[in-house]
Amino acid sequence: MIARTDAYDIVLKSLTEVFAQIGTPAPDKVGEDTVLVGNDAVLDSLGVVQLIVEVEQRLEETHGVSLTLANDKAMSQRNSPFRTVGVFAEHVVATALEAAS
Amino acid sequence: MTAAWFLARLPEWGDTTALVSHGRRTSYAELVGTTAAWKERFAARGVGPGRVVAIDGSFSEQACSAFLAAMALGAVLVPLTRLMRAQRERFLRIAEVSLLVELEEGDAFTLSEQPYTAANALYQKLTTRGAPGLVIFSSGSTGAPKAIVHDLAAVLEKFRQVRQKKTTLTFLLFDHIGGIDTMLNTFASGGTIVTVADRTPEAVADAIQAERVHTLPTSPTFLNWFLMSGVAQTRDLSSLKVIAYGTEPMPESTLRRLHEIFPDVSLVQTYGMSELGVLRSRSKSSDSLWIKFTGEGFQTKIVDGILWVKAETAMLGYLNAPDLFDAEGWLNTQDAVEVDGEYLRILGRASDLINVGGQKVYPAEVENALLSLDNVREVAVFGKTHPLMGQIVAARFNLKTPEPLDLFKRRMNAHCRERLAKYQIPVFVELATEEQYGTRFKKLRHD
């Protein structure tokens, strides 16, 4: 089980880290509604992959859980579970719940 | 064709040292004597055409003599090493071995009859030709080992011309086509082979210094380790004139450093496969990864960026797998190459290729860029399946001194941005604590 606030923190921290890695300054305001995929996205497709890997590695480090966030189910949803920081955090919580059951 | 001309040449070299194994020297005269004793021993057990003899050992006096004796008698030879002993039963069965020669350290040996009879059609082909045979097992990182059959008389042909007498270190093992190539090549010209018990940079450097070794055939992974160890600064390696590297792609950064430390040594890339033997080639220069095949006994062509070879020294076939040749006798090496006029550069196994959203990434190219990053000692790059991209580039590092992963990833990304395309930069990064090469000193690229 991962709390929504923890998941949110991890996604946000990972996003900051990805910006540091790719060497682009992070947008002024990053938060719940920051768009990650599609129009107005702050990352390109490789950046999103990098973010997903970063979140997975951090989850393993901090919570000791090994999750595959970009699984087939996630890919087949009509709305991307990586749409925004907030939606991504929900997806982390849901995937962790599913893995635990 | 037989091996008679080759064996007739050995007594000519007289008191010259044929081999140094574990510090013990054996002259050609002694080698010829030991070989004669093995011929008698073998003949008494019916070794000859159509019989398969396995020799489990290293390049010691007894092992080399047994090899030469079985060859003289027209038998099929299966060189094995202690490293592979866990798989030996399987090898003996696949190769239909009827006699096993086992050598221990100190060169004591035992012979034991095996319950198999040579029935494979490839062996009959050898018997009809009146030629001795050689069976090499492909190291096969995946799947079952494949038994490769060579006409040993045909393999010997390229050594007919007597070349410079050289002292060569046998870095590659007794069961490796490159190791056997070194031994036969050296004996054909009256040179000396030097075997080390321990394939560490220190032991190799000590042997080069003590025996005034001229040629060191080895792998890029070992050379990288050799440079890192600093042994080049503490030993007298002035006798070294040639470093031949092969078996896997050479990182440009390793080659550059090698050339800086050994400016007067020729750095030569060799190209070989267990299925083809070692093909003669020339490097454009010591600091170049571009090679030109001399085409002695073989032809090459490039189809869709992949190298194909048609060689006289190519294997007869596999004992336990379907034939690899096309109707005209060409073999797909599965090595991707880049071409520039008559020169070409080996990019790596097509199967190692990483496909990032349709973009091709060669692990060797990425590794090359990563090796010039501070604090990196070794790195293996491989593909990881990812639903969003098909595959992503993954890299596993060995660092010189520990460093937090976050900081390392930032540095790595900054370093790569100047050297690689975006899709080539590793997305998945991990720091390993264990060494990343197998017993053959070839990089292990896998998940």
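Which residue of E13(B) does Ala244(B) stand opposite? The residue opposite Ala244(B) is Val268(B). Before I go on, please keep in mind that this is a predicted model.

To place that pair: strand E12 of chain B, residues 242-245, runs parallel to E13(B), and the two are joined over 4 bridges. Strand E13 itself covers residues 266-269 of chain B. Leu267(B) and Gln269(B) are on its covered face, while Ser266(B) and Val268(B) are on the uncovered one. In general, strands of a sheet pair through backbone hydrogen bonds, either parallel or antiparallel.

Now to another sheet of chain B. There is an open sheet of 7 strands with mixed pairing, in the order E6-E5-E3-E4-E7-E8-E20. At its edges are E6 and E20, the latter being residues 317-318 of chain B, and each of these pairs on one side only.

Strand E5 of chain B, residues 99-103, has Leu99(B), Val101(B) and Leu103(B) on a covered face. Leu100(B) and Glu102(B) make up the uncovered face. With strand E3 of chain B, residues 52-56, the pairing of E5(B) is parallel, over 4 bridges. Two positions show how they line up: Ile55(B) has Val101(B) as its bridge partner in E5(B), and Asp56(B) is opposite Glu102(B).

With strand E6 of chain B, residues 109-113, the sense is antiparallel and E5(B) makes 5 bridges. There, Leu103(B) is opposite Phe109(B). E5(B) and E6(B) form a hairpin with 5 residues between the strands. Within that hairpin Gly106(B) has a positive phi, near 90°.

Helix H5 of chain B, residues 121-129, lies across E4 (76-80), E7 (133-137), E8 (147-151) and E20 of chain B. Its angle to E8(B) is about 10°.

In soluble globular proteins, nonpolar side chains tend to be buried together. The largest nonpolar core here has 155 residues, and the members touching the most others are Val53(B), Leu77(B) and Val393(B). The element giving the most to this core is helix H3 of chain B, residues 61-72, with 9 residues.

What is Val53(B) in contact with, leaving aside its neighbours within four places in sequence? The contacts are Val47(B), Ala70(B), Ala75(B), Leu77(B), Val78(B), Leu99(B) and Val101(B).

The axes of H3(B) and helix H2 of chain B, residues 28-44, come within 8 Å and cross at roughly 60°. That angle makes H2(B) oblique to H3(B). The crossing is right-handed. On the H2(B) side the residues involved include Leu31(B), Trp38(B) and Phe42(B). On the H3(B) side they include Cys64(B), Leu68(B) and Ala70(B). Ala70(B) is also one of the contacts of Val53(B).

Over to chain A. Helix H1 of chain A, residues 4-22, and helix H4 of chain A, residues 85-100, have axes that come within 8 Å and cross at roughly 125°. H1(A) is therefore oblique to H4(A). This crossing is right-handed. H1(A) contributes Arg4(A), Ala7(A), Tyr8(A), Val11(A), Leu12(A) and Leu15(A) to the contact. From H4(A) come Val85(A), Phe88(A), Ala89(A), Val92(A) and Val93(A).

Take Ala89(A) from that list. Is Ala89(A) buried or exposed? Ala89(A) is buried, because 24 other C-beta atoms lie within 10 Å, and 20 or more is the cut-off. Beyond four places in sequence, Ala89(A) is in contact with Arg4(A), Ala7(A), Tyr8(A) and Val11(A).

Last, two backbone details in chain B. His22(B), in the loop between E1 (17-21) and E2 (24-27) of chain B, has a positive phi near 50° without being a glycine. His22(B) counts as partly exposed, because it has 13 C-beta neighbours inside 10 Å. Glu96(B) is another non-glycine residue with a positive phi, of about 55°. Glu96(B) is in the loop between helix H4 (88-94) and E5 of chain B. Glu96(B) has 21 C-beta neighbours inside 10 Å and so counts as buried.

That is where I will stop.

Definitions and conventions: Residues are numbered from 1 along each chain as its sequence is written. Chains are lettered from A and ligands numbered from 1 in the order in which they are written. This is a predicted model: local features need pLDDT of at least 70, side-chain atom pairs count only at pLDDT 80 or more; totals for chains, interfaces and linings use all residues. A nonpolar core is a set of buried Ala, Val, Leu, Ile, Met, Phe, Trp, Tyr and Cys residues joined through C-beta atoms within 7 Å. A residue is buried if 20 or more other C-beta atoms lie within 10 Å of its own, exposed if 12 or fewer, and partly exposed in between; C-beta atoms are placed from the backbone. Two residues are in contact if their C-beta atoms, placed from the backbone, lie within 7 Å. Two strands pair if DSSP finds at least two bridges between them. Axes are lines fitted to C-alpha atoms, for helices over the stretch in contact, and angles run from 0 to 180 degrees between N-to-C directions. Angles under 35 degrees count as roughly parallel, over 145 as roughly antiparallel, 65 to 115 as roughly perpendicular and the rest as oblique. A crossing is left-handed if the near helix is turned anticlockwise from the far one by less than a right angle, and right-handed if clockwise.
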